[in-house]
Amino acid sequence: MSCDCISRLEKKLTEEMVKRYPDWEVEEKVKFTEKELILDSKGAVVVLGNPVLGRVRRGKQIRKFETQILPQYCPFCGKKKTEGGEG
């Protein structure tokens, strides 16, 4: 079974956007704008900040819903991240 964490989180954030803007219609569901991982010179995994973006519309007005998600656990080994961002 493959991991569906990203799509589940995008769905939850879209639901949060709808709660914040109850009288608006969803123009664009919330999606991660960057889905990248980097390995540093020590081989440790460093997860980049993942901005997410969605849009709602009311008439001719469009509002952005933006936030950043920073994981607390490494997506590869499952260890809790330290303050420096490495697992």
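I am working with a predicted model, where local features need pLDDT of at least 70, side-chain atom pairs count only at pLDDT 80 or more, and totals for chains, interfaces and linings use all residues. Residues are numbered from 1 along each chain as its sequence is written, and side-chain values use heavy atoms, with hydrogens and water left out.

**Core.** I looked up the largest nonpolar core first. The term covers buried Ala, Val, Leu, Ile, Met, Phe, Trp, Tyr and Cys residues joined through side-chain atoms within 4.5 Å. For burial I used a 1.4 Å probe on protein chains only: buried is under 20% relative accessible area, exposed is over 50%, and partly exposed is in between. The largest core has 9 residues: Leu-13, Met-17, Tyr-21, Trp-24, Val-30, Phe-32, Val-52, Val-56 and Phe-65. Two or more of its residues come from each of α1 (5-20), β1 (25-32) and β4 (50-58). I took helices (H or I, at least four residues) and strands (E, at least two) as DSSP runs, numbered from the N terminus.

**Aromatic pair.** I then checked ring pairs. Rings of Phe, Tyr and Trp (its six-membered ring) pair if their centres lie within 6.5 Å; planes under 30 degrees apart are stacked, over 60 edge-to-face, and the rest tilted. I got 1 aromatic pair. Tyr-21 and Trp-24 form it, edge-to-face, at 5.7 Å centre to centre with 70 degrees between the planes. Both Tyr-21 and Trp-24 are buried. Both also belong to the core above.

**Thr-14.** Thr-14 is buried, at 11% relative accessible area. Its side chain reaches the backbone nitrogen of Val-30 at 2.9 Å. I then listed contacts (heavy atoms within 4.5 Å), leaving aside neighbours within four places in sequence. Thr-14 touches Lys-29 and Val-30. Val-30 is also a core residue.

**Glu-10.** Glu-10 is in helix α1 too. Its relative accessible area is 6%, so Glu-10 counts as buried. I noted its separation from Lys-29: 19 residues in sequence, 7.8 Å in space, C-alpha to C-alpha.

**Salt bridges.** How many salt bridges does the whole structure hold? I found 4. My criterion was a side-chain nitrogen of Lys or Arg within 4 Å of a carboxyl oxygen of Asp or Glu. I wrote up three of them, as follows.

- Glu-16 pairs with Arg-20, with the closest N and O atoms 3.1 Å apart. The two are 4 residues apart in helix α1, which means about one helical turn between them. Glu-16 is partly exposed at 29%; Arg-20 is exposed at 53%.
- Glu-27 pairs with Arg-57, with the closest N and O atoms 2.7 Å apart. Glu-27 lies in strand β1 and Arg-57 in strand β4, so this pair ties together parts 30 residues apart in sequence. Glu-27 is partly exposed at 38%, and Arg-57 is partly exposed at 24%.
- Glu-28 meets Arg-55 at 3.3 Å, N to O. Glu-28 is in strand β1 and Arg-55 in strand β4, so parts 27 residues apart in sequence are tied together. Glu-28 is partly exposed at 34%; Arg-55 is partly exposed at 23%.

Note on methods:
A polar contact is a pair of N or O atoms within 3.5 Å; within protein, one must be able to donate a hydrogen and the other to accept it, and residues adjacent in sequence count only if both atoms are side-chain atoms.
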